[in-house]
Amino acid sequence: MTRDTFTRFYDIETRWYDEDMLGHLNHGTAVNLIEDVRVRHAADIGLEPYNRYKFPFIVASMKLDYLKQISYPEKLTIGIRVSRVGGKSFDYEYGVFIEGDDECAITCEMTLVCFDFAGQKSVPVFDALKDEL
């Protein structure tokens, strides 16, 4: 994937403690950065990810591919897009880019289920997500 795959981007900088003993971004940190972008995107499209009783969805599956090493210090941009919409689930695609590089260092495919936490049941995909497709 390249930058032109995405229309929405979020900037993040690596932190000193993001590296593992091998001197590159820890895989758990990569997941955390992607989660941060998911929540920021939900807020930007009008959903309520900061309200624990109205959080709009849950992760059903996640796949990451590590294509290039990322070290500290590094400025990153994470692209996000809705790539599929079903009845009650949808897919996000992510691309993690190192500043100045148009090819992904990390890619992620994630399936999420729209969910009503109060009622403990899945719900139809929100229009705000359909509009992103």
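What share of the contacts with a separation of 6 or more comes from residues 24 or more positions apart? In this predicted model, such residues account for 66% of those contacts in the protein.

**Figure 1. Fold of the predicted model, with two helices and six strands.** The elements follow the pattern β-α-β-β-β-β-β-α along the sequence. The protein has a radius of gyration of 15 Å, close to the 14 Å that the globule rule gives for 133 residues, so it is as compact as a globular protein of that length. Along the principal axes, the C-alpha atoms fill a box of roughly 45 × 30 × 20 Å.

Figure 2. Of the 133 residues, 40% count as buried. The protein carries 15 positive and 23 negative charges.

**Figure 3. Thr29 in helix 1.** This helix covers residues 27–44, and Thr29 lies within it. Is Thr29 buried or exposed? Thr29 is buried, with a relative accessible area of 10%. The cut-off for buried is under 20%. Thr29 is in contact with Arg15 and Asp18, leaving aside its neighbours within four places in sequence.

**Figure 4. Cys104, a buried cysteine.** The relative accessible area of Cys104 is 3%. Which cysteine sulfur is closest to that of Cys104? The closest is in Cys108, at 11 Å. That is too far for a bond, because a disulfide needs two cysteine sulfur atoms within 2.5 Å.

**Figure 5. Cys108, in no disulfide.** For the sulfur of Cys108, the nearest cysteine sulfur is that of Cys104, 11 Å away. Cys108 counts as buried, at 0% relative accessibility. Cys104 is buried too, at 3%.

**Figure 6. Disulfide search over the whole structure.** A disulfide is a covalent bond between the sulfur atoms of two cysteines. How many disulfides does a search of the whole structure find? The search finds zero. Cys104 and Cys108 illustrate the result: the sulfur of Cys104 is 11 Å from that of Cys108, too far for a bond.

Definitions and conventions. Residues numbered from 1 in each chain as written. Predicted model: local features only at pLDDT ≥ 70, side-chain atom pairs only at ≥ 80, totals over all residues. Heavy atoms only, no water. Helix = DSSP H or I, 4+ residues; strand = E, 2+ residues; numbered from the N terminus. Rg over C-alpha atoms; globule rule 2.2 N^0.38 Å. Buried < 20%, exposed > 50% of the residue type's maximum accessible area, 1.4 Å probe, protein only. Contact = heavy atoms within 4.5 Å. Lys, Arg positive; Asp, Glu negative; His and termini not counted. Charge placed at Lys NZ, Arg CZ, Asp CG, Glu CD.
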